[in-house]
Amino acid sequence: MARERATALLLDLDGVLRRFDPAVAAGVERDYGLADGVLTEIAMQWGRLQPVLTGQVSHDEWVSSVADALAEPAGGADRARAAVEQWQRYRGEVDTEVLDLVREVRAAGIKVGLGTNATDLLDADLAALGLVGELDVVVNSSTLGVHKPAPEYFQAACAALATPPARVLFVDDEDWAVRGARSAGLSAHRWGGHADLRYLRAALNY
């Protein structure tokens, strides 16, 4: 049986609407004599990351914990804090082709939401990136207290869009998030890059 046509779009932020140049973190690691990839490795350790994504700790507390873990390899607490502060100053860049899609879709009367696992810095990031007002709803895991791929997350996102799950198309660059969305009854597409834009336009049929 064919699926219902999507009447709302839910996009992930990092890896879809926002991208990060890996050269920035690599440059910080080089400047401070750190191993390649160690900033991301420490920051993304699930025991450290999960509390900030569910609002149990603040972004600043999470960043401090990353600096604490880097103190020894960085050659002291002060150097570790400086390295992490330099790394965190870079807040990524908007993918302008994806933003063009968002604007087209909204102009056609289709709601677009941002569905992201994020910290309490999200609102400031959206302002810095010039994205305030570009989306109909923003569903932030740290505000909800639950993160993707939990079904409760997707239920909340669909409620925010005022659209039943079967009518929401979710786009994320992570397979686990896509699987979670499908389990919750949404249509879902794993983002692979700009070549997917044609498919998304066809799927939304606007």
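Where is the place of Gln88? Gln88 sits in helix H5. Helices here are DSSP runs of H or I with at least four residues, strands are runs of E with at least two, and both are numbered from the N terminus.

Some ground rules. This is a predicted model: local features need pLDDT of at least 70, side-chain atom pairs count only at pLDDT 80 or more, and totals for chains, interfaces and linings use all residues. Residues are numbered from 1 along each chain as its sequence is written, and side-chain values use heavy atoms, with hydrogens and water left out.

Which residues of H5 are buried? They are Ala80, Ala83, Val84, Trp87 and Gln88. They cover an arc of only 125° around the axis, so they lie on the same side of H5. The arc is taken from the directions from the helix axis to the C-beta atoms. As background, an α-helix has 3.6 residues a turn, so residues three or four places apart point the same way. Buried means under 20% relative accessible area, exposed over 50%, and partly exposed in between, with a 1.4 Å probe and protein chains only. The face turned away from the buried side carries exposed Asp78 and Arg89.

What does the buried side pack against? Helix H1 (22–31), helix H2 (38–43) and helix H4 (59–74).

Back to Gln88. Its relative accessibility is 14%, which is why it counts as buried. Leaving aside neighbours within four places in sequence, Gln88 is in contact with His59, Trp62 and Val63. Contact means heavy atoms within 4.5 Å.

Val63 is in helix H4. Val63 has 15% relative accessibility, so it counts as buried. Not counting residues up to four places away in sequence, Val63 touches Val84 and Gln88. The C-alpha atoms of Val63 and Glu85 are 8.3 Å apart, with the two residues 22 apart along the chain.

Last, the largest nonpolar core. A nonpolar core is a set of buried Ala, Val, Leu, Ile, Met, Phe, Trp, Tyr and Cys residues joined through side-chain atoms within 4.5 Å. The largest has 27 residues, and Leu9, Leu11, Leu17 and Val171 have the most contacts inside it. H6 gives the most to this core, five residues.
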